[in-house]
Amino acid sequence: MTAVAELLAPRKPLPGGLSRGLVVASFLLPLMIWAVVSYVPFVWHPKVEVVDPGSVSYFREGMLLDKERFNEEAAKAREAGTAVPTGEPANPVYLPAPHEVLTAFYTSFTAEPTRRSEQWLHESLWHSIQVIFWGFTLSSLVGVPLGILCGTYNVFSRLFEPFVEFFRYLPAPAFGALAVAILGIYDGPKIAIIFIGTFFQQVLVVGNTTRKLDLSLLEAAMTLGVSRFRLLWKVVIPGILPDLYRDQRILLGWAWTYLIVAELIGTSSGITWFITQQARYKNFDNVFAAIMMIGIIGLATDILLAKLGKRLFPWEKKG
Amino acid sequence: MTTMELPSYLQQSAKVRARFERLKSREVILDVAGLSKTFESAHGQTTALRDISFQTHRREFVCVIGPSGCGKSTLIRILAGLESASGGDVLLDGKRVVGPGPDRGMVFQGYTLFPWLTVKKNVMFGLEAQGAGKARSESEALQWIELVGLEAFANAYPHQLSGGMKQRVAIARALANQPRILLMDEPFGALDAQTRAKMQSYLLEIWKNIDITVLFITHDLDEAIFLADRILVLRANPGEVEELIEVPVPRPRHLDQTVSPEFIATKKRLEALIHPDEEELEQTMAEDKLNMIRMTEVGDEVESVE
């Protein structure tokens, strides 16, 4: 078999070095595309940044213009024999270069916010994390037990699941106005949106996970003298725990996707407020830094939880 | 095999006959009386079991055998209390059985060890469910684990064990509750031939050393004859008792006996019972015959070695 065919063998584990290299590449690849678009002038750069306004009255240094407009004005100046403006090819303001975002990322932690009403990036983030935490925790407190009951006893399944199935198609953000009317304009409605977005999926997902538990484990426990009522504690819950943990990890990811919508409801707050505010002032480097921050927090939490899961469930098969 | 003068499977040596007499004089542990089971299905009512009656005595080893669809799994599940009968009674020590309970241990065909518990904790499971203290459960569990020869794996998780080892733990787990009867539903069905043979010897060894009655379901004729005192043969559609055969092969059993005249005679009888209708058999054979097109070159025969 040739080396390439070897690499494309379905589901075959890759050698360790290559595997790690590919993980790095999966991040480097998009970064490289971004860098090429940002730093190599002839790839895109549809704008011109004015360096010297020359004789054009409305040009200012640092101004961004469409290439056509700039060339038009430059040609006019050349014909009139007045000072010709000079400029450099540039990308639109909404695509900052990697180094600008990196700088913004760094300064967001070190430099005081320029406007008095503004929050530090980490303050906004902390607020968002709290909203997610409460929304997700409240949802789990009800959703997980209900899901387990639905997956174990058909009575609960028939009683709750049809309605939950219906409700999960209702878009959580649609309840925004209602949530504000009931819960006020601060964190209440935001937590409620995260709750609505998570809860109904959670009941169904946990219910299905519980149903996947091998029935013969329950039967074995009954022949060993465990009563019907203690089965839930002795077999069902320990039996589904690793899968439940995985479900919760995935659901937590979904909760994050509801965050931005939730934070726009009532008084805008948290990371969303930071992003919209910065976008208003065209500080797109800060916007990108904030978006990336969400990604980093999400990924880091997930990796951490995955590592923790391996410790918590030593009976899970490796690999 | 060339035709050999086989004794009748009903013929027992004096020693075997004496053993059966002693066995039958022991008290009855399990008494199944007129048991029946009907299912409601899409095609109307189907009868899985009809009027099954038999008794097992203390420390008897009974195998249940029958063609597929004879309801042998349904039978053992009713005995375990995992399914309810439509009619008839199951008596254990003279008392009616309702629902599953620790007085009837069960070993399933699939692996049913609790994956989140170590071998030791698995064996302790039943004891703790009975309300035995932790210290007592642990010391008793270790004894049972020793009995099945897995003391080196007491702290291993089930996924670290081979199939044979898992079933040994399952046997230890069922026995730890000290049930009156051990119900086994094709427990070695998923094992390879070699492991299965070893497990059969293990099981006989365990059975010899403790006070336990075994009801063992299998579809393997050799396994049934090798293990059982008596074999309950069921017939299919509906499941009914065909015959209760007393195995004339003397104990202690060993693998050499599989070519003894008693063994072969018993197997002949079982084969006749399970595939009774030669005509019907031929018909199914004809149906199974494949319409083969020859795709090899002439003269390139696999069956002629030159």
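Visitor: Where is the place of Val40(A)?
Guide: Val40(A) sits in the loop between helix 2 (16–39) and strand 1 (47–52) of chain A. Helices (H or I, at least four residues) and strands (E, at least two) are DSSP runs, numbered from the N terminus. This is a predicted model, in which local features need pLDDT of at least 70 and side-chain atom pairs count only at pLDDT 80 or more, while totals for chains, interfaces and linings use all residues. Residues are numbered from 1 along each chain as its sequence is written, chains are lettered from A and ligands numbered from 1 in the order in which they are written, and side-chain values use heavy atoms, with hydrogens and water left out.

Visitor: Does Val40(A) count as buried, partly exposed or exposed, and why?
Guide: Val40(A) counts as partly exposed because its relative accessibility is 26%. Buried means under 20% relative accessible area, exposed over 50%, and partly exposed in between (1.4 Å probe, protein chains only).

Visitor: What is Val40(A) in contact with, leaving aside its neighbours within four places in sequence?
Guide: With those neighbours left aside, Val40(A) is in contact with Ala35(A) and His45(A). Contact means heavy atoms within 4.5 Å.

Visitor: On to the interface: how many residues of each chain are in contact?
Guide: On the side of chain A there are 19 residues in contact with 23 residues of chain B. The two chains bury about 1,900 Å² between them, and 69% of this is on carbon and sulfur atoms. Buried area is the accessible area (1.4 Å probe) that two parts lose on being put together, summed over both.

Visitor: Which residues of chain A lose the most area to chain B?
Guide: They are Thr223(A), Leu224(A) and Trp315(A), which together account for 37% of what that side buries.

Visitor: Which residues form a salt bridge there?
Guide: Arg77(B) forms one with Glu219(A), and their closest N and O atoms are 2.7 Å apart. A salt bridge is a side-chain nitrogen of Lys or Arg within 4 Å of a carboxyl oxygen of Asp or Glu.

Visitor: Which helix of chain A gives the most to the side that touches chain B?
Guide: Helix 9 of chain A does, with seven residues. Helix 9 (215–223) and helix 10 of chain A each supply at least two residues of that side.

Visitor: Back to Thr223(A): is it buried or exposed?
Guide: Thr223(A), found in helix 9 of chain A, is buried, with a relative accessible area of 2%. A polar atom of its side chain lies 2.8 Å from the backbone oxygen of Ala220(A). Leaving aside neighbours within four places in sequence, Thr223(A) is in contact with residues including Ala80(B), Leu82(B), Pro100(B) and Phe108(B).

Visitor: Now chain B: how many helices and strands?
Guide: Chain B has nine helices and 10 strands. Of its 306 residues, 48% are buried.

Visitor: What is the strand order in the open sheet of six strands?
Guide: The order is 6-7-8-3-9-10 (chain B), with mixed pairing. Strand 6 (104–107) and strand 10 (240–246) of chain B are the edge strands, each pairing on one side only. Two strands pair if DSSP finds at least two bridges between them.

Visitor: In what sense do strand 7 and strand 8 of chain B pair?
Guide: Strand 7 (residues 181–185) and strand 8 (residues 213–217) of chain B pair in the parallel sense, over five bridges. Met184(B) stands opposite Phe216(B) in strand 8 of chain B.

Visitor: And the open sheet of four strands, what is its order?
Guide: That sheet has the order 2-1-4-5 (chain B), and its pairing is antiparallel. Strand 2 (44–57) and strand 5 (95–96) of chain B each have a single partner strand, so one side of each is left without a neighbour in the sheet. Strand 1 (residues 28–41) and strand 4 (residues 87–92) of chain B run antiparallel and are joined by five bridges. Ser36(B) stands opposite Gly87(B) in strand 4 of chain B.

Definitions and conventions
A polar contact is a pair of N or O atoms within 3.5 Å; within protein, one must be able to donate a hydrogen and the other to accept it, and residues adjacent in sequence count only if both atoms are side-chain atoms.
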